Amino acid sequence: MTSDEARELFSAAHDGEIDAETKRAFELALAADAELEAEWKEFTELLREARAIAEEDEETDAPDLLGGVQARLRVRSRGRFYRDRFASDASGKTMLPILLGVVMLLVIAIAWLTIHVVQVQDAAGETSSAADAP
Amino acid sequence: MDATVEELERAASAAGFHVPMPEGYEEKLIERLKRRDEAAFNELVRLYQGKIFRLVFRMLGDKAEAEDVAQEVFVTVFKSIDGFRGDSKLSTWLYRVATNHCKNRIKYLNRRARGQKKELDEIADRDAIESGTMSTSAQVHRPDDMATAKQTESIVQRALGELPDDQRELVVLRDIENMTYEEIQDVTGLPEGTVKSRLHRARLALQKRVIELSGIRESAP
């Protein structure tokens with residue numbers, strides 16, 4: 001087996017996917033070429049590092065995605081899903097016209113009462129001045 | 001039911017690619033998901049969010065992008081669960097959705113980066129013309145985060161990020177996620193021979209780039 005042929009087998013050899021006979025030839029090729037052997041060591045070391053990264057990753061906490069996913073679904077479904085928060089969010093918007101209506105009614109009521117009181121007072125004033133007249 | 005979900009979550013954090021589930025649990029979960037049961041969907045997110053986030057992060061190399069894409073993965077799952085026929089495991093399907101999202105995001109980011117580089121080139125050219133001196137190239141200095149990042153991980157991650165998408169996907173699935181060739185075939189839809197040959201090329205390219213980057217690092221002051 002030439003060095004190039006052996007290099008082509010790096011992945012298969014690492015994954016244990018070569019038969020015993022090929023493995024022997026592969027090992028002989030490595031033994032015969034110091035540069036190739038160094039490359040092979042670097043290759044296996046790199047893949048070991050990659051796996052170590054994954055193991056380290058598993059210990060790292062991933063962010064909690066649930067809230068963000070729910071919010072996206074709520075918006076995109078126009079509140080059809082995960083409606084609970086949508087309802088509470090929307091409550092402010094739906095309450096605003098009602099609140100405005102109540103305030104306007106109050107203003108009208110106060111205005112009406114004020115006018116009515118003034119009219120009653122005027123009428124009472126006119127009655128008392130008529131009675132006082134000689 | 002809650003206790004079961006918590007147990008599964010604990011198992012999921014310790015397990016590899018597939019979350020181990022009791023007999024019939026996955027089928028019931030899929031059934032509930034197809035009924036758009038929000039509680040079932042919450043369970044699914046809690047069980048797989050760590051794995052999906054980590055996979056996406058390794059593919060994209062950026063935590064903020066990874067969080068955004070991982071959320072989009074679950075939104076897609078919610079919307080298209082009816083299309084899941086059950087030919088493969090739910091986790092395989094999830095990974096397929098995730099890798100497709102990653103590829104799309106990588107394409108988008110590359111397009112954006114090209115656009116930004118073009119803009120920067122134009123600015124550099126304009127400045128050079130205005131100042132009467134033509135620069136040889138638009139030298140855009142990238143922040144060198146290698147000094148602060150963990151040495152080996154940052155080199156491998158950077159080299160990984162420089163691989164073409166199709167090669168990076170295979171290295172992440174096989175060498176980081178530790179999937180079997182069969183699982184990779186399910187996720188990518190590629191035939192076994194293509195997976196093996198492409199993965200081999202990807203590993204050699206990764207090795208070459210790691211050596212180059214390590215050399216740069218060693219020669220740096």
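**Figure 1. Contact of helix 7 with helix 8 in chain B of the predicted model.** From helix 7 of chain B, the residues B:Glu169, B:Leu170, B:Leu173 and B:Arg174 meet B:Ile184, B:Val187 and B:Thr188 of helix 8 of chain B. Sorted by class, this contact holds four nonpolar residues, one polar residue and two charged residues. The axes of helix 7 of chain B and helix 8 (residues 181-188) of chain B lie 10 Å apart and form an angle of about 140 degrees. Because of this angle, helix 7 of chain B is oblique to helix 8 of chain B. The two helices, helix 7 and helix 8 of chain B, cross in a right-handed sense.

**Figure 2. Contact of helix 2 with helix 3 in chain B.** Helix 2 of chain B contributes B:Leu29, B:Arg32 and B:Leu33, which meet B:Ala40, B:Phe41, B:Glu43 and B:Leu44 of helix 3 of chain B. Five nonpolar and two charged residues make up this contact of helix 2 with helix 3 of chain B, with no polar residues. Helix 2 (residues 25-34) of chain B packs against helix 3 of chain B at an angle of about 125 degrees, and their axes are 8 Å apart. Helix 2 of chain B is therefore oblique to helix 3 of chain B. The crossing of helix 2 of chain B with helix 3 of chain B is left-handed.

**Figure 3. The largest nonpolar core.** This core has 55 residues, of which B:Ile52, B:Val56, B:Leu94 and B:Ala98 touch the most other members. Helix 3 of chain B is the element that gives the most to the core, with 12 residues. When residues up to four places away in sequence are left out, B:Leu94 touches B:Tyr48, B:Ile52 and B:Val77.

Figure 4. B:Arg158 has 16 other C-beta atoms within 10 Å and so is partly exposed, since a buried residue would need 20 or more and an exposed one 12 or fewer. B:Arg209 is 51 residues from B:Arg158 in sequence. In space, the C-alpha atoms of B:Arg158 and B:Arg209 are 8.9 Å apart.

**Figure 5. The side of chain B that touches chain A.** Contacts between the chains involve 30 residues of chain B and 22 residues of chain A. On the side of chain B, the elements that give two or more residues are helix 3 (38-60), helix 4 (63-80), helix 6 (151-161), helix 7 (165-176) and helix 9 (192-219) of chain B. By class, the residues on this side of chain B comprise 12 nonpolar, eight polar and 10 charged.

Figure 6. Chain B has 221 residues, and 32% of them count as buried. Of the contacts in chain B between residues at least 6 apart in sequence, 63% join residues at least 24 apart. Buried residues account for 11% of the 134 residues in chain A. Of the contacts in chain A between residues at least 6 apart in sequence, 43% join residues at least 24 apart.

Notes. Residues numbered from 1 in each chain as written. Chains lettered and ligands numbered in written order. Predicted model: local features only at pLDDT ≥ 70, side-chain atom pairs only at ≥ 80, totals over all residues. Contact = placed C-beta atoms within 7 Å. Helix = DSSP H or I, 4+ residues; strand = E, 2+ residues; numbered from the N terminus. Nonpolar A, V, L, I, M, F, W, Y, C, P; charged D, E, K, R; others polar. Axes fitted to C-alpha atoms, helices over the stretch in contact; angles between N-to-C directions. Parallel < 35°, antiparallel > 145°, perpendicular 65-115°, else oblique. Left-handed = near helix turned anticlockwise from the far one by under 90°. Core = buried A, V, L, I, M, F, W, Y, C linked by C-beta atoms within 7 Å.
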